[in-house]
Amino acid sequence: ETPTIKTFRLVEPSGAPLPFTYLPGQFMQVAVRSPAKELLKRAYTIASSPTRTSYAELSIKREPSGKVSQHLHDNVGVGDLVEVSAPYG
């Protein structure tokens, strides 16, 4: 990680294993609401090993023009809920 890259570890809120499995190279789509309440979506590659069944990690670079990456870096912290799609790709 660097000052412009953060890794977000996604877990099932109940503490149970993830409700899906994934393969190397797959993506997850993250959905966030902008301050203007616009729904923004962006796909990120899953960075963690598929052998991890209790979490999935997304390493996200803060991009100056990336509204979703900026929102995640500026507003999401430990314990926050994030809307993601099932893995694909």
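**View 1. The largest pocket of the predicted model, with a volume of about 550 Å³.** The volume is the space filled by probe spheres set on grid points that are joined across faces, edges and corners. On a 1 Å grid over the protein atoms alone, a pocket is an open set of points with protein on both sides within 12 Å along at least five of seven lines, and lining residues have an atom within 4 Å of a point. This is a predicted model, in which local features need pLDDT of at least 70 and side-chain atom pairs count only at pLDDT 80 or more, while totals for chains, interfaces and linings use all residues. Residues are numbered from 1 along each chain as its sequence is written, and side-chain values use heavy atoms, with hydrogens and water left out.

**View 2. The lining of the largest pocket, made up of 24 residues.** Arg9, Leu10, Val11, Asp80 and Val82 are the lining residues that lie nearest the centre of the pocket. Two or more lining residues come from each of strand E1 (5-10), strand E2 (27-33) and strand E4 (56-61), and E1 gives the most, with 5 residues; strands (E, at least two residues) and helices (H or I, at least four) are DSSP runs, numbered from the N terminus. By residue class, the lining divides into 17 nonpolar (Ala, Val, Leu, Ile, Met, Phe, Trp, Tyr, Cys and Pro), 4 charged (Asp, Glu, Lys and Arg) and 3 polar residues (the others, Gly among them).

**View 3. Ala43 in strand E3 (residues 39-45).** Ala43 counts as partly exposed because its relative accessibility is 22%, where buried means under 20% relative accessible area, exposed over 50%, and partly exposed in between (1.4 Å probe, protein chains only). Not counting residues up to four places away in sequence, Ala43 touches Phe27, Met28, Gln29 and Tyr88, a contact meaning heavy atoms within 4.5 Å. Ala43 and Leu58 are 15 residues apart in sequence, and their C-alpha atoms lie 9.9 Å apart in space.

View 4. From the N terminus on, the elements run β-β-β-β-α-β. The radius of gyration, taken over C-alpha atoms, is 13 Å, close to the 12 Å that the globule rule (2.2 Å times the number of residues to the power 0.38) gives for 89 residues, so the chain is as compact as a globular protein of that length. Of the 89 residues, 29% count as buried.

How values were computed:
1 Å grid on protein atoms, 1.4 Å probe; cavity = no way out; pocket = protein on both sides within 12 Å on 5 of 7 lines; lining within 4 Å.
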